[in-house]
Amino acid sequence: MKTRPFGDIPVSEVGLGCWQLGGDQWGDMDDSTALAVLHAAADAGVTFLDTADVYGLGRSEMLIGRFLKERGRKGFFIASKFGRFPTPGWPANFSPAVIRQHIEASLQRLGIDRLDLIQLHCLPREQLRRDELWHTLRQLQQEGKIARFGASVESVAEADDCLQQPDCASLQIIFNIFRQTPALSGLLERCQQRGVAIIVRLPLASGLLGGRYTVQTTFPPNDHRYFNRNGERFNVGETFAGLGFEKGLELVEQLKTLVPAEPPLPLLALRWCLDHSAVTTVIPGARRPEQARLNASASDLPPLPMDLHQRLREFFLQQVKPCIRGPD
Ligand SMILES: NC(=O)c1ccc[n+]([C@@H]2O[C@H](COP(=O)([O-])OP(=O)(O)OC[C@H]3O[C@@H](n4cnc5c(N)ncnc54)[C@H](OP(=O)(O)O)[C@@H]3O)[C@@H](O)[C@H]2O)c1
């Protein structure tokens, strides 16, 4: 596993997204499978773990806490998020006292003294511009509760709002073969110039880029790919990268005609992200240990050829971009 610098700390260039460990929005997940996924990722060299207080209402963080007890804290970079916990909810979640309370609760569940990174969890745009909120994070940093802070955002415009803060350490963005705007808009370059780390979520477009789904594929009622297909519960872009499921399937079939048979599509999709030097780490979600192992192996692949990148850029601009719903 290769590493890339996250500020002054090397992190694995393939990380692990831990939303699915919550067991409430990606279908069921029992404790033993969750721990097996974490251990499989760690065995494959993954050191970067991304979670949030709201995933399973704290369950994802608790399971990571158990994992860290078993495995040891040293060497892992733990990134969490705040702002979307249902109690007290919006807008009370954005007051200094509640931010502090939520971050303290994350630390307790994780069983650690300091978070390596806390991220604003897709907050409304007006909150991203509130100095009081960033000031609270600076205070928590000075007190040693968090090592650094950043933001998870939905769009390039929101990312640029956060870049107004000179000490925003990272941006977590939606970026994949179906969502290329962060590269094409110059956002990645702006971040790289300022030393702002980029964390890539949805690298597999919620699994579409795994290449295995068909029109017959179904998802259980407690999976956002069932209940948020059209943005019913949160931003439509978070599910299948903002493409409808059927449209997404159609585009995957077109994509398959443009890429070589090897590496397999999910690895090619992860490699595509890693080929952008501004990317610090990609955080695919893995629901099974085999997926975690396979995803980690993207780090061993050579870069994709430039002419393939060019073809995929044209494909995105002509076929995919017009179909994206939600902010881009
Ligand atoms: N607002 C936010 O800040 C936010 C929002 C979304 C995600 N995230 C973060 O990003 C992480 C990743 O989630 P995501 O939404 O970005 O999803 P993703 O990584 O694009 O897709 C994950 C899904 O892809 C499938 N998959 C994983 N590995 C595979 C492989 N090797 N081959 C084929 N299929 C594979 C699995 O689904 P199946 O097994 O069902 O096929 C898995 O659940 C989350 O855990 C979370 O940490 C953050």
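**Note on the predicted model**

1. Glycine 111 follows H3, and its phi is positive, near 70°. Bear in mind that this is a predicted model. Helix H8 has a glycine after it too: glycine 195, with a positive phi near 70°.

2. Now H3 itself. The helix covers residues 96-110, 15 residues in total. From first C-alpha to last it reaches 21 Å, close to the 21 Å expected at 1.5 Å a residue.

3. Which residues of H3 are buried? They are Ile99, His102, Ile103, Ser106, Arg109 and Leu110. Seen down the axis of H3, these buried residues fall within an arc of 120°, so they line one face of the helix. In an α-helix there are 3.6 residues a turn, so residues three or four places apart point the same way. Look at the face of H3 turned away from the buried side: Ala97 and Glu104 are exposed there.

4. What do the buried residues of H3 pack against? Two helices are on the list, H2 (59-71) and H5 (131-142). Strands S5 (77-82) and S6 (117-121) are on it as well.

5. Threonine 136 counts as buried because it has 20 C-beta neighbours inside 10 Å, and 20 or more is the cut-off. Leaving aside neighbours within four places in sequence, threonine 136 is in contact with Pro96, Ile99 and Arg100. Glutamate 126 is 10 residues from threonine 136 in sequence, and their C-alpha atoms are 16 Å apart in space.

6. Move on to helix H8, residues 187-194. Leu187, Leu188 and Cys191 are its buried residues. Down the axis of H8 they fall within an arc of 100°, so they line one face of the helix. What covers them includes helices H6 (156-163) and H7 (181-184), together with strands S8 (170-174) and S9 (197-201).

7. Valine 196 lies in the loop between H8 and S9. Is valine 196 buried or exposed? Valine 196 is buried, because 24 other C-beta atoms lie within 10 Å. Not counting residues up to four places away in sequence, valine 196 touches Leu163, Cys168, Ala169, Ser170, Leu171 and Cys191. Alanine 296 is 100 residues from valine 196 in sequence and 23 Å from it in space, C-alpha to C-alpha.

8. The largest nonpolar core has 95 residues. Ala41, Leu171, Ile198 and Val200 have the most contacts inside that core.

9. Next, the ligand. Around the ligand there are 29 residues. Gly17, Trp19, Ser152, Gly207 and Gly210 come nearest. How many residues of each class are in the shell? The shell has 13 nonpolar, 11 polar and five charged residues.

10. Helix H12 (residues 289-296) gives the largest share of the ligand shell, with three residues. Within H12, Gln291, Ala292, Leu294, Asn295 and Ala296 are buried. The buried residues of H12 pack against strand S3 (16-17), helix H1 (31-43) and H11.

11. Some backbone angles deserve a second look. Most residues other than glycine have a negative phi, and most peptide bonds are trans. Leucine 57 is not a glycine, yet its phi is positive, about 50°. Leucine 57 has its place in the loop between strand S4 (48-50) and H2. With 15 C-beta neighbours inside 10 Å, leucine 57 counts as partly exposed.

12. Cysteine 122 has a positive phi as well, near 50°. Cysteine 122 is in the loop between S6 and helix H4 (125-128). Cysteine 122 is buried, because 20 other C-beta atoms lie within 10 Å.

13. Where are the cis peptide bonds described here? One runs from threonine 87 to proline 88, with omega near -5°. Proline 88 is in the loop between S5 and H3. Another runs from glutamate 262 to proline 263, with omega near -5°. Proline 263 has its place in the loop between helix H10 (245-256) and helix H11 (265-274).

Definitions and conventions:
Residues numbered from 1 in each chain as written. Predicted model: local features only at pLDDT ≥ 70, side-chain atom pairs only at ≥ 80, totals over all residues. Core = buried A, V, L, I, M, F, W, Y, C linked by C-beta atoms within 7 Å. Buried ≥ 20, exposed ≤ 12 C-beta atoms within 10 Å, placed from the backbone. Near = placed C-beta within 6 Å. Helix = DSSP H or I, 4+ residues; strand = E, 2+ residues; numbered from the N terminus. Nonpolar A, V, L, I, M, F, W, Y, C, P; charged D, E, K, R; others polar. Expected span 1.5 Å × (residues − 1). Arc of directions from axis to C-beta. Contact = placed C-beta atoms within 7 Å.
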